[in-house]
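Please read them beside the coordinates.

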Amino acid sequence: METKNKIIGKTLVITDLHIGLKKANQSRLSIIINVFKNFLKTIKEEDVKNVICCGDIFHSRIALDLQALNVGIKLLSALAERCECWLILGNHDLYYKNSASIHSSNVFKHIKNVHIVEDTTEVEINGQKALFVPWLGKFDKCEKGAY
């Protein structure tokens with residue numbers, strides 16, 4: 001597998017945001033907004049160049065609340081203005097339990113600096129090989145012993 005994606009610089013890894021948890025309860029949305037404010041502060045103070053989200057940006061896999069959707073788009077857009085964002089699909093991001101053909105991360109695909117990882121992808125992070133393996137990702141194309 002050839003490495004095409006190179007990630008250089010400080011990288012913040014986040015996971016399981018579950019935006020919209022508890023039926024998009026306002027207090028839960030306020031919590032995630034405050035968490036993102038801290039992310040943005042850290043990104044600025046620490047000169048972070050990349051954010052890797054390891055899945056489950058939204059909570060519901062079936063019906064996405066419009067308020068949660070809007071909050072998610074605003075928050076990811078703010079991150080992407082400051083750094084490269086890699087979104088690895090998690091199980092809550094998928095509509096079907098056994099297929100990644102429909103997923104909620106598609107709402108971010110037109111945002112500059114957002115990379116959606118739908119399939120197993122080899123990356124290089126500061127000179128080191130790594131694999132991004134989304135939910136239902138396969139290892140069949142990976143070199144044995146390379147990781």
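1. Two strands are taken as paired if DSSP finds at least two bridges between them, and the strands themselves (E, at least two residues), like the helices (H or I, at least four), are DSSP runs numbered from the N terminus. On that basis, strand β8 (residues 121-125) and β9 run antiparallel and are joined by five bridges, with Q128 in β9 as the bridge partner of I125.

2. This is a predicted model, in which local features need pLDDT of at least 70 and side-chain atom pairs count only at pLDDT 80 or more, while totals for chains, interfaces and linings use all residues. Residues are numbered from 1 along each chain as its sequence is written, and side-chain values use heavy atoms, with hydrogens and water left out.

3. β8 and β9 belong to an open sheet of three strands, ordered β1-β8-β9, whose pairing is mixed. Its edge strands, each pairing on one side only, are β1 (5-7) and β9 (128-132).

4. Strand β3 (residues 50-53) runs parallel to strand β2 (residues 11-14), to which four bridges join it, and V51 of β3 is the bridge partner of L12. Four bridges also join β3 to strand β4 (residues 84-88), again in parallel, and here C53 stands opposite L87 of β4. Between β3 and β4 the chain passes through helix α3 (residues 66-82), in a β-α-β crossover that is right-handed (with the strands pointing away from the viewer, the path from the first strand over the helix to the second runs clockwise).

5. Which residues of β3 point the same way as one another? N50 and I52 point one way, V51 and C53 the other, and all are buried (under 20% relative accessible area, with exposed over 50% and partly exposed in between, for a 1.4 Å probe and protein chains only).
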